[in-house]
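Please keep the sequence and the structure in view while reading.

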Amino acid sequence: MNSSLGKGPAVADRNGVIAFYDERVLAHEPDANVSFLPGRMDKRIREVLAGLSGPWKYPEHPGRLTAVRKLLEAEPVPGVEFEAGAAATREQLGRVHIQLYLDDIFELRGRNAWLDMDTTAVSPGSVDAAEVAAGTAVAAAEAVVQGRCESAFALVRPPGHHAEPTRARGFCLFNNVAVAATHAQAVLGCKRVLILDWDAHHGNGTQSLFWSDPDVLFFDIHRASPFYPGSGRMEDIGAGAGEGTIVNVPVPAGAGDQAYLKAFRELLVPAADWFRPDLVLVSAGFDPHWQDLALNVSYECFSAMTGILQSVARRHCGGKLVFVLEGGYNLDSLSRGVRSVLEVLAGAEPPEPGICGVAEVEAAVAYHREAFVPPEARDS
Ligand SMILES: [Zn+2]
């Protein structure tokens, strides 16, 4: 234990981790089979859904989070404590979203409605859930900055990084990671915030909010356009005072561990060392995992990326590192991905990923090769 007598605020235990999990976020449960507020969007989305070959289920469902919780109960990570979250205040949300948008969203409390043609929708409990998702990201940032733990993971939904200041998109209502970042700047004394987004999809909402903000470095590695949402070109670097503080690394379908770790080691690390963050936030989606089919990232790579972020945070800001859950739709890779991050946060040494498939081929060579060696060349 660190002794903090006479040395100002207590220093967090190295490797102390809090996972924030709040059941209230499970109340967001859009169901395309119930009737929605009528209107042009409902009509158009119904036409799209009717054209699909099979029945459509809302992919961003409560089972995503309960799968994570179940795995962490069955296979707990030593050193990780659970805590409930909190609902975001209107003031906290208002640092990210315009008042008109917040008015529109709050009017939908208790109702079913489509918010966007990309099938973003609300159910009666969604607005409450979205407030808790954003507020829980804030609670995680507070726990880390106030020194209650070294790092934290806000296990929340609906996700946030597609939500723009003026609109909901891509299953996202409020931009959770941006609400946490602006709260850390406005209230917690963090001047410079690094946001790393490794979700498979580009974080268009986060980028748009911080487009001209020199105090937020937004680094996003994602599958390139035309993959959803289509934004995040390499040449998009921010503007005005924030020119150069947006860093996009678009990668092709199937890119995997080697590409991700190269981007981290050769670009993220020097960018972070140049920026010197007071806090590191991560938009952590687990849809780059190969089981989600868009990219080819392994659990070992999630661990290795976490290890790199942890050392960046330790070098610049006493290890202050906060993960906020974004996408990830295969329940297996979502829950195992979260667990592999938590293990590293809690002190495990991240493994170095091999090249995909090589270990399996080596095993097959060892298994079969002997059969094809001529008898006279065998050892015995
Ligand atoms: Zn995603």
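At what angle do helix α5 and helix α6 pack, and how far apart are their axes? In this predicted model, helix α5, made of residues 126-145, packs with helix α6, made of residues 176-186, at an angle of about 40 degrees. The axes of the two helices are 8 Å apart.

## Overall form

The protein has eleven helices and ten strands. Its radius of gyration is 22 Å, close to the 21 Å that the globule rule gives for 380 residues, so the protein is as compact as a globular protein of that length. Taken along the principal axes, the box filled by the C-alpha atoms is roughly 80 × 65 × 45 Å.

Buried residues make up 47% of the 380 residues of the protein. Among contacts with a separation of 6 or more, 79% are accounted for by residues 24 or more positions apart.

Arg24 is found in the loop between β1, residues 17-21, and α1, residues 40-50. Is Arg24 buried or partly exposed? A residue counts as buried if 20 or more other C-beta atoms lie within 10 Å of its own. Arg24 has 19 other C-beta atoms within 10 Å, so Arg24 is partly exposed.

When neighbours within four places in sequence are left aside, Arg24 is in contact with Asp128, Ala129 and Val132. Arg24 and Arg157 are 133 residues apart in sequence, yet the distance between their C-alpha atoms is 9.8 Å.

## Cis peptide bonds

Arg157 also takes part in a cis peptide bond: the bond from Arg157 to Pro158 has omega near -5 degrees. Pro158 has its place in the loop between β5, residues 151-155, and α6.

Another cis peptide bond runs from Ser225 to Pro226, with omega near 15 degrees. Pro226 is placed in the loop between β7, residues 216-223, and β8, residues 246-251.

## Positive phi angles

Where is Phe171 found? This residue is in the loop between β5 and α6. The phi of Phe171 is near 70 degrees, a positive value in a residue other than glycine. Phe171 counts as buried because it has 27 C-beta neighbours inside 10 Å.

Arg276 is not a glycine either, although its phi is positive, at about 55 degrees. The loop that holds Arg276 lies between α8, residues 257-275, and β9, residues 279-284. Arg276 has 13 other C-beta atoms within 10 Å and is therefore partly exposed.

Definitions and conventions
Residues numbered from 1 in each chain as written. Predicted model: local features only at pLDDT ≥ 70, side-chain atom pairs only at ≥ 80, totals over all residues. Helix = DSSP H or I, 4+ residues; strand = E, 2+ residues; numbered from the N terminus. Rg over C-alpha atoms; globule rule 2.2 N^0.38 Å. Buried ≥ 20, exposed ≤ 12 C-beta atoms within 10 Å, placed from the backbone. Contact = placed C-beta atoms within 7 Å. Axes fitted to C-alpha atoms, helices over the stretch in contact; angles between N-to-C directions.
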